[in-house]
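Okay, thanks everyone. Let's get the model up on the screen and talk it through.

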Amino acid sequence: MSGQRLDWDATYEIVLALRDLYPDAVLEDLSLDDLNARIVALPSFSDDPELVNDAILRAILREWYEEIGD
């Protein structure tokens, strides 16, 4: 993911970055607010934080579950 700028549409790439930064995350304990904070803190995240909504965050969380389940 070198140099790639992330925006809210890049859910899979966001998940990969989160998985790498938080390999021991307990997703069941992660609130949507916590997830949002982790995403906007990603060094490669470049989208407007105000554009997020619960549906986007739930989609990212669902993708993260699927990624760690593989």
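So, helix H2, residues 32-40, and H3 have axes that come within 10 Å and cross at roughly 80 degrees. Axes here are lines fitted to C-alpha atoms, for helices over the stretch in contact, with angles from 0 to 180 degrees between N-to-C directions. That makes H2 and H3 roughly perpendicular, a label that covers 65 to 115 degrees. Helices, by the way, are DSSP runs of H or I, at least four residues, numbered from the N terminus.

Before I go on: this is a predicted model, with local features needing pLDDT of at least 70, side-chain atom pairs counting only at pLDDT 80 or more, and totals for chains, interfaces and linings using all residues. Residues are numbered from 1 along each chain as its sequence is written, and side-chain values use heavy atoms, leaving out hydrogens and water.

Who meets whom? From H2, we have Leu32, Leu35, Asn36, Arg38 and Ile39, and they meet Asp54, Leu57, Arg58, Ile60, Leu61 and Trp64 in H3. Contact means heavy atoms within 4.5 Å.

Now, salt bridges, meaning a side-chain nitrogen of Lys or Arg within 4 Å of a carboxyl oxygen of Asp or Glu. The whole structure has two. Glu67 pairs with Arg19, closest N and O atoms 2.7 Å apart. That one ties Glu67 in H3 (residues 54-69) to Arg19 in H1 (residues 11-21), 48 residues apart. Arg19 also bridges to Asp20, at 3.5 Å, N to O.

Conventions: Helices (H or I, at least four residues) and strands (E, at least two) are DSSP runs, numbered from the N terminus. Angles under 35 degrees count as roughly parallel, over 145 as roughly antiparallel, 65 to 115 as roughly perpendicular and the rest as oblique.
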